Amino acid sequence: MATARQVLSLCAFLSLLHARAEPIRYSVAEESESGSVVANVAEDAGLAPAQLSARRARLLSEDGRQHLRLEPGTGRLVVAERLDREELCGQSATCTLPFELLLANPVQFFRVEVGVEDINDHAPVFPEERVTLKILETSNPGSRFPLQGARDLDVGSNSIQAYSISPDEYFSVDYGTQSDDKYIELVLEKPLDREDQGEMDFSLIAVDGGSPPRSGTTQIHVVILDVNDNAPVFTQKVFIAQILENAPQGSVVLRVVATDRDAGVNGDISYQISQAGGQSHSAFEIDPMSGEIKLTKSLDFETAENHELSVQATDGGGLSAICKVVVEVVDVNDNAPEVVVNSFSSPIPEDALPGTVVALFTVRDRDSGVNGKISCALEDQLSFSLRPAYKNYFELVTVSALDREETARYILTVTAADAGSPPLTTTHTFTVDISDMNDNAPVFNQTSYTMYVRENNVPTVLVGAVIATDADMGPNAKVTYSLVPPHLTEHPPCSCISVNSENGDVFVLRPLDYEQVRQIEVLVSASDAGSPPLSASVTVYISVVDENDNAPLVLYPSQESSPACSELVPISAEAGYLITKVVAVDADSGQNSWLSYHLLRATDPGLFAVGAQNGEVRLRRSVTERDAVKQKLVILVRDNGQPPLSATAALSVLLLSDFSDMRLPHSSLATEDEGSSLTMYLIISLVFISLLFLVSTAAFVVHKVCKRKELKDGHVLYGASNLQSSLADAAAAGTLPHAYCYEISLTTGSGNSEFKFLKPILPSLPPQLHATGGGTNSELDFPCGNLTAEDVAPDNPPLSAEQFNSLSFN
């Protein structure tokens, strides 16, 4: 049954070929503009315009060039590109463009031939712009001198029709056809006289038969010779030679021979190749003495099947003859088959049905005869096969189901071979990709990311990137990134963090402060572009790295009190005596918060030492009576950052022999500005002292003696035993960290003595203690500071009852 159907189909196809054996013929003028209408081929083929698109109509040509194109909507055949008849057909009398109108579904074709009609678009061109003729003065009227005719690329009536010369009394021109060969000769009309006129010039004009006609001109220069009345004569009018297209350079094509009846110099012949207008014979050269024509480069049968040469033989007297040489090129199998892809579909869906057409291609060979016969085959492949379509057209089709997860790409190799000896082959590779479904979600390359940013960063600083990949292809694998809140219904994404949607770069949008926030946690989502999209998320931890942007803060001694806090040191204190401790903190962390203490300035720098690590201010040496009573110190507190930041702490130290020395007037504790005023007064006083030197010196000695006696008669007042116990506890701790204000006032004489705590802060002391007794009246005023047990009485025994009764605490 199947065999019967095949026989019927073959009969129908053969009858169809027989029905369309006669081609449809049209004509079109050369140089027609692109888009010019040639004819309605659908109407002439008996087809409706709608059938052209439905049946996938196309034009096919053997050379693969689309000189004409088909309008599917109208069925008209229009010019696709400018047509040049001379380029297409050369000097052929007729020029026809054959092609086929192919209908793919069902397969049907129509042969179409379009004749390209010549127009007069080329003017005649002479081989040379100037021709020199040497003519014997003995030449008789009627003597003929052959000339090279002009060449016109047009054919028929548009080719050269006539020659003429400009008015000349000595010559005329004669032309015609002899033995299928055109000739043109210059005819001498009257005798020449070299002595009368040795040279003459005139123009030779060639006119074609176009409308309007075109013409070409060459200048004829005639040199009249005394003798040499015989021109060379070729043994043949036309020389014909054959040569293989792969003949090497330097191969001899043939040898032309001309003879001259003259003797001597007038009989010596030289040869040269004359090039007609529009042609180049650079592939040939001629030996001027022997007449051998050789190849200067390889020939190509596919470019030109034959070459025509004009060879001119000139004797020593200037007479010449011209012959034609025809070189026929013999084809060899030097062109491999060509595979031209007409359509190719890739990728194809993995659910494509068997029989799906992947590619349509044609094979051709520029050689002729058996060298141009081609066979085509597909290398072993289970999923694809080749199927002949029409003439040299083949289809690449699927033969089984495809699975992208098993094979995502197929490399198919098609081999085309000709029938030459040896055969030449060409391979063409088709890379067929299989399209994918969106079945893979993006995957991050880490389970979580930790990134670091320094505090006080510049806005929009890049701190890192998240990377996610998708196993799918195309849009299904395009990953975009976005921020999502940890709980979509509760918190929006952090406003100070941003992620680049294209590459996953993570940016910090505004400056961060390590002291306010040390870590930020965000959730980054990666989504592909599939439909529906798939996504994954990952947690990103952004840690803020501390910068040294906080200077140390001095907690003690307080720098806000005025005047500065004072510490009391007995003169009897030994080296290493703890005066006070500078307490400072730094808001930074790590080494940026490591603090060191240095003595920046001091009234007597050699007297004090500061612990670099703990800030303890101690005596470097023992106190002497020569040391100033009031010592001012400036302590530098510096952190370990880069660059380091620092702060200063100012404090005053009073060196007292015992606490009775605390009667120093307030003027001795005045500020530096008051000291400056005192200096001015001292300068004025020195002026007066210079006048009364002896009297002032005596008064000063008496005053100092009296003052020291009064100090020895004074009493140092101490607190009660509970004050001693509280101070002892503080001494055990090393410092007295509680801030307090006190005042000391010492006077001589028999009056009341008072020890006042203006702002009692110590928790171990009662708010007010008051006692009265006889003796001198002394008042202590401590500006503001911390009191240590050693400051009060480091080496003194407890107070007696009489001394305690003399104290008054307010």
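Nonpolar patches are made of residues with over 30% relative accessible area and no salt bridge, in which nonpolar side chains are joined within 5 Å. In this predicted model, a nonpolar surface patch of about 770 Å² is formed by L686, I689, L691, L692, F693, L694 and V695. Helix 5 (672-691) and helix 6 (693-713) are the elements that each give two or more residues to the patch. One of its members, V695, lies in helix 6; V695 has a relative accessible area of 57% and is therefore classed as exposed, the cut-off being over 50%.

In soluble globular proteins, nonpolar side chains tend to be buried together. The largest nonpolar core of the model comprises 26 residues, and F234, V256, I293 and V325 have the most contacts inside it. At least two core residues come from each of strands 16 (238-244), 17 (252-255), 20 (284-286), 21 (292-295), 22 (306-314) and 23 (320-330). Strand 23 contributes the most, with five residues. A second, separate core contains 25 residues, among them Y26, A45, L52 and L101. Beyond its neighbours within four places in sequence, F234 is in contact with residues including F239, V256, Y271, V311 and I322.

Most residues other than glycine have a negative phi, and most peptide bonds are trans. The bond from N105 to P106 is cis, with omega near -10 degrees, and P106 is located in the loop between strand 6 (96-104) and strand 7 (107-117). Y556 and P557 are likewise joined by a cis peptide bond, with omega about 0 degrees. Positive phi values occur at K391, near 50 degrees, and at N456, near 60 degrees.

Technical notes
Residues numbered from 1 in each chain as written. Predicted model: local features only at pLDDT ≥ 70, side-chain atom pairs only at ≥ 80, totals over all residues. Heavy atoms only, no water. Core = buried A, V, L, I, M, F, W, Y, C linked by side-chain atoms within 4.5 Å. Buried < 20%, exposed > 50% of the residue type's maximum accessible area, 1.4 Å probe, protein only. Helix = DSSP H or I, 4+ residues; strand = E, 2+ residues; numbered from the N terminus. Contact = heavy atoms within 4.5 Å. Patch = residues over 30% accessible without salt bridge, like charges linked within 9 Å, V, L, I, M, F, W, Y side chains within 5 Å. Areas by Shrake-Rupley, 256 points an atom, 1.4 Å probe, with all protein chains shown as cover. Salt bridge = Lys/Arg side-chain N within 4 Å of Asp/Glu carboxyl O.
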